[in-house]
Amino acid sequence: QVAYWRLVLPFLLVGAYFTPRQAQRLRSFLIAGRYAELAGLTEFGEMASLPDLPWREVEPA
């Protein structure tokens with residue numbers, strides 16, 4: 001939880017808005033241990049547009 005807020009707080013302070021879906025995706029990346037990859041991004045849009053993790057992809061029925 002701390003890592004999540006450490007990543008998003010700077011963006012929130014400058015007025016960035018993100019959806020619950022985007023927040024969920026960021027948490028998934030953190031759970032997967034990809035904090036360093038997220039921390040290297042400089043724009044919130046880059047974080048929000050990362051591809052889904054392989055186990056999170058929904059297969060067509």
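Tyr4 is buried, its relative accessible area being 2%; buried denotes under 20% relative accessible area, exposed over 50%, and partly exposed in between (1.4 Å probe, protein chains only). The model is predicted: local features need pLDDT of at least 70, side-chain atom pairs count only at pLDDT 80 or more, and totals for chains, interfaces and linings use all residues. Residues are numbered from 1 along each chain as its sequence is written, and side-chain values use heavy atoms, with hydrogens and water left out.

The charged end of Arg27 sits over the ring of Tyr4, 4.3 Å from the ring centre (the rule requires NZ of Lys or CZ of Arg within 6 Å of the centre and within 35 degrees of the ring normal).

Leu38 belongs to helix H3, residues 35-39 (a helix is a DSSP run of H or I with at least four residues, numbered from the N terminus). Its C-alpha atom is separated by 7.7 Å from that of Leu7, 31 residues apart along the chain. Leaving aside residues up to four places away in sequence, Leu38 touches Leu7, Leu26, Phe29, Leu30, Met47 and Leu50, where contact means heavy atoms within 4.5 Å.

The whole structure contains 1 salt bridge, defined as a side-chain nitrogen of Lys or Arg within 4 Å of a carboxyl oxygen of Asp or Glu. Arg34 and Glu37 form a salt bridge, with the closest N and O atoms 2.7 Å apart.

Relative accessibility of selected residues:

| Residue | Relative accessible area | Class |
|---|---|---|
| Leu38 | 0% | buried |
| Arg34 | 29% | partly exposed |
| Glu37 | 34% | partly exposed |
| Trp5 | 39% | partly exposed |

Note on methods: Helices (H or I, at least four residues) and strands (E, at least two) are DSSP runs, numbered from the N terminus.
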